[in-house]
Amino acid sequence: MPPVRAVERAVSILTALSAEDLRLVDLAGRLGLHKATVIRLLASLMDAGLVERDERDRYLLGPAVLRLAARQLGGHRRLVGFLRDALE
């Protein structure tokens, strides 16, 4: 089955924002996409809570990303416990 281009692009946005908060122009430039395309994708990601925009007009990962990560981390309780003990 061929990949869905919009999904690939949305994942690219999330991956870029996992490294740093970015302005629209910087995000579009980094991904090689037109700003209008990035705006549409960001709107969908923001509706899902996966991306937020701050007061400096930079985009960053939203709270839904933490909920997804928490679900995954829940399956790794031993690792989390080990890391917690090591950090204390």
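This is a conversation about how some features of the structure above get their names.

Modeller: The model is predicted, so local features need pLDDT of at least 70 and side-chain atom pairs count only at pLDDT 80 or more, while totals for chains, interfaces and linings use all residues. Residues are numbered from 1 along each chain as its sequence is written, and side-chain values use heavy atoms, with hydrogens and water left out.

Colleague: What makes Glu20 and Arg30 a salt bridge?

Modeller: A salt bridge is a side-chain nitrogen of Lys or Arg within 4 Å of a carboxyl oxygen of Asp or Glu. The closest N and O atoms of Glu20 and Arg30 are 2.7 Å apart, and the pair therefore meets that definition. It links distant parts of the chain, with Glu20 in the loop between helix H1 (5–19) and strand S1 (22–23) and Arg30 in helix H2 (residues 24–31); here helices (H or I, at least four residues) and strands (E, at least two) are DSSP runs, numbered from the N terminus.

Colleague: Why is Val4 called exposed?

Modeller: Val4, which lies in the segment before H1, has a relative accessible area of 52%, and is therefore called exposed.

Colleague: How do you know that the length of helix H3 is close to what is expected?

Modeller: The expected span of a helix is 1.5 Å times one less than its number of residues. Helix H3 (residues 35–47) has 13 residues and reaches 18 Å from its first C-alpha to its last, which is close to the 18 Å expected.

Colleague: Which residues of H3 are buried, and why are they said to line one face of the helix?

Modeller: The buried residues of H3 are Thr37, Val38, Leu41, Leu42 and Leu45. Seen down the axis of H3, they fall within an arc of 130° (the arc of the directions from the helix axis to the C-beta atoms), so they line one face. An α-helix has 3.6 residues a turn, so residues three or four places apart point the same way. Arg40 and Asp47 are exposed residues on the face of H3 turned away from its buried side.

Notes: Buried means under 20% relative accessible area, exposed over 50%, partly exposed in between (1.4 Å probe, protein chains only).
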